[in-house]
Amino acid sequence: MGSRTRRGRRQLDRHGIAERLAVSPATVNHWHLRRHETGFPAKADTDTDGRDWWWQKDIDTFHTAHLAARAASFTAVDRSGNPRDLLTAPQAARVLGYTNHRSLPDRLLHNPDHADQLPSGRLRRRWYRQTVWDYADGRPLRHSTGRPAGTGTGPRVPHPYADDPRLDAAHTLIQQARTAGTGTTGLGAQLARQLGISERTGQRLINAALFETRRVGGRDHRPPGL
């Protein structure tokens, strides 16, 4: 159903919340199951079919606070300089407040504005300063896998991809595979093609999604490769 009106106010079910916030139902379930940590609002009602409903206003308030908290957790960005400057990997890392260019995220590494092949066969990647700023501005909407370990002040997370919005796509592929009666073999490569990331990262995201599914089911075992 998605949404309905009660007493002149809009209510959303899990799928309605997922659609409004552009996340998967699995993410909504995660927020709800850990509401004592996430601040997810209490249900407004449960109908005769067992469907849970939340006030849309409460959901919007929660999401605004959620994004603000995520934005506050990231490294400070250097906003000085010309947006058309081409930056090397170390320079891009400094703009993002990282201490090492090896912390650059896959989203940037796999999408340079310019790339030159060196005699050694390696690529020299460069990005416009504006591209780096745009990535930084979008961090609250996605998990920054390039954020250096140990720079956060929040609680420990169950795996490096916790709260990564790319897990939504991983959960969807897993659910589709289970519905079709097929296994999860090859889903990492499929996810990598879908998101434009490395196959290794795709497999790690699949492993993380499987891990979250097992946690919800009461089996807390860390997946391989994380």
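How many bridges join strand 6 to strand 7, and which way do the two strands run? The legends below take up this question along with several other close-up views.

This is a predicted model, in which local features need pLDDT of at least 70, side-chain atom pairs count only at pLDDT 80 or more, and totals for chains, interfaces and linings use all residues. Residues are numbered from 1 along each chain as its sequence is written, and side-chain values use heavy atoms, with hydrogens and water left out.

**Figure 1. The hairpin of strand 6 and strand 7.** Four bridges join strand 6 (residues 114-117) to strand 7 (residues 123-128), and the two run antiparallel. Two strands pair if DSSP finds at least two bridges between them. Helices (H or I, at least four residues) and strands (E, at least two) are DSSP runs, numbered from the N terminus. Look for His114, whose bridge partner in strand 7 is Arg126. Five residues lie between the strands of this hairpin, where Gly121 takes a positive phi near 100 degrees.

**Figure 2. A cluster of rings made of Trp31, Phe40, Trp54 and Phe62.** A search of the whole structure finds four aromatic pairs. Rings of Phe, Tyr and Trp (its six-membered ring) pair if their centres lie within 6.5 Å; planes under 30 degrees apart count as stacked, over 60 as edge-to-face and the rest as tilted. One of the pairs joins Trp31 and Phe62 edge-to-face, at 5.1 Å centre to centre and with 70 degrees between the planes. This pair links distant parts of the chain, with Trp31 in helix 2 (residues 25-33) and Phe62 in helix 4 (residues 56-73), 31 residues apart. Trp31 and Phe62 are both buried; buried means under 20% relative accessible area, exposed over 50%, and partly exposed in between (1.4 Å probe, protein chains only). Phe62 also forms an edge-to-face pair with Phe40, at 5.1 Å centre to centre and with 80 degrees between the planes. Phe40 lies in the loop between helix 3 (35-38) and strand 3 (45-46) while Phe62 is in helix 4, so their pair ties together parts that are 22 residues apart in sequence. Phe40 is buried, as is Phe62.

**Figure 3. Trp54 in strand 4 (residues 52-55).** Is Trp54 buried or exposed? Trp54 counts as buried because its relative accessibility is 0%. A polar atom of the Trp54 side chain lies 3.1 Å from the backbone oxygen of Pro41. The C-alpha atoms of Trp54 and Asp13 are separated by 6.4 Å, although these residues are 41 apart along the chain.

Figure 4. With a relative accessible area of 11%, Asp52 is buried. Its side chain makes a polar contact of 2.8 Å with that of Thr46 and one of 3.5 Å with that of Lys43. A polar contact is a pair of N or O atoms within 3.5 Å; within protein, one must be able to donate a hydrogen and the other to accept it, and residues adjacent in sequence count only if both atoms are side-chain atoms. Leaving aside residues up to four places away in sequence, Asp52 touches Leu12, Asp13, Arg14, Lys43, Asp45 and Thr46, where contact means heavy atoms within 4.5 Å.

**Figure 5. Helix 1 (residues 14-21) and its buried residues.** At the N-terminal end, Asp13 caps helix 1 with a side-chain oxygen that lies 3.2 Å from the backbone nitrogen of His15. Gly16, Ile17, Ala18 and Leu21 are the buried residues of this helix. Ala22 follows helix 1 and has a positive phi, near 60 degrees.

**Figure 6. The largest nonpolar core, with 15 residues.** A nonpolar core is a set of buried Ala, Val, Leu, Ile, Met, Phe, Trp, Tyr and Cys residues joined through side-chain atoms within 4.5 Å. Ile174, Leu187, Leu191 and Ile206 have the most contacts inside this core. Helix 8 (166-180), helix 9 (187-195) and helix 10 (199-216) each supply at least two of its residues, and helix 8 gives the most, with six. Not counting residues up to four places away in sequence, Ile174 touches Leu187, Ile206, Ala209 and Leu210. Apart from this core lies another, of 14 residues, among them Ala89, Ala93, Leu96 and Trp133.
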